[in-house]
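Have the sequence and the 3D view open as you read.

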Amino acid sequence: MDPLLLRVQADPAAALGPQTRRHPRRASDLRGIFQDAGALEALIRDGNPVIYETFEAPVPASEGHLMFGMTVLYPGRVGDEYFMTKGHYHERRLTAEVYLGIRGRGCLVVQTEDGRSRMLPMEPGGVVYVAPGWAHRSVNTGAEPFIFFFTFPADAGHDYAAVARSGFDLLVVHRTGAPAVVERSR
Ligand code: PAN
Ligand code: ZN
């Protein structure tokens, strides 16, 4: 393919051009990830909103390419947990990823298969390096859409099943008017 020149801005569809691939995730796509299943079902009945959408550049998912794009994660909560992405390991575990905050506020929750976990706050201009082997999930802790840029080896693949089995140990919840990180009770 030819080189691309794009502008990173707050409107991902415009920034990534007409070939952008958009993947919306609605509340009904996120069953099993929030602690309060009843609150999620209520949200599904109440219009099943888009919780986040990912915009990917038209890059082939093959060796040598870097996939890149932007995610728009809308503000809101399910019970006391902030809206968040499903989260995944890369199928090829030894592939990394870079996130760059563009707009809004949030964080990345990361975890390894041997049980280490961290919360990394993200704001516009902040860069997170997700090292190989760390599962990652983003969380919108603010009141406006949280938009970030990402790039990773295009053939990394996404393993959602491993995260669905184990969950993340850290939860980002709304407590007395502010975000707080708590350990999930088992
Ligand atoms: C990101 C994520 C994106 C959506 O592009 O895929 O934010 O999150 P989920 O894939 O967990 O639904 C990324 O990390 N790609 O590898
Ligand atoms: Zn990833």
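This is a predicted model: local features need pLDDT of at least 70, side-chain atom pairs count only at pLDDT 80 or more; totals for chains, interfaces and linings use all residues.

Residues are numbered from 1 along each chain as its sequence is written, chains are lettered from A and ligands numbered from 1 in the order in which they are written, and side-chain values use heavy atoms, with hydrogens and water left out.

Let us begin with the core. In soluble globular proteins, nonpolar side chains tend to be buried together. A nonpolar core here is a set of buried Ala, Val, Leu, Ile, Met, Phe, Trp, Tyr and Cys residues joined through side-chain atoms within 4.5 Å; buried means under 20% relative accessible area, exposed over 50%, and partly exposed in between, with a 1.4 Å probe and protein chains only. The largest such core holds 49 residues, and Ile51 and Tyr99 have the most contacts inside it. Strand β12 (residues 146-153) gives the largest share of this core, six residues. Helices (H or I, at least four residues) and strands (E, at least two) are DSSP runs, numbered from the N terminus. What does Tyr99 touch? Leaving aside residues up to four places away in sequence, its partners include Leu108, Met122, Val130, His136, Phe148, Phe149 and Phe150, where contact means heavy atoms within 4.5 Å.

Now turn to helix α2, where Leu40, Leu43 and Ile44 are buried. These residues lie on the same side of α2 because they cover an arc of only 100 degrees around the axis, the arc being that of the directions from the helix axis to the C-beta atoms. Their cover includes β2 and β4 (77-78). Just after α2, Gly47 takes a positive phi of about 105 degrees.

Most residues other than glycine have a negative phi. Thr176, in the loop between β14 (170-175) and β15 (178-183), has a positive phi of about 40 degrees. Are these two residues buried or exposed? Asn48 is buried, at 17% relative accessible area, whereas Thr176 is exposed, at 86%.

On a 1 Å grid over the protein atoms alone, a cavity is a set of points where a 1.4 Å probe fits but cannot get out, and a pocket is an open set with protein on both sides within 12 Å along at least five of seven lines; lining residues have an atom within 4 Å of a point. Grid points are joined across faces, edges and corners, and a volume is the space filled by probe spheres set on the points. The whole structure has one cavity of 30 Å³ or more. The largest cavity has a volume of about 40 Å³, and its lining includes Tyr89, His90, Trp134 and His136.

The largest pocket has a volume of about 320 Å³. Of its 21 lining residues, Thr54, Thr71, His88, His158 and Tyr160 are the closest to its centre. The second largest pocket has a volume of about 270 Å³, and helix α3 (residues 161-166) supplies the largest share of its lining, four residues.
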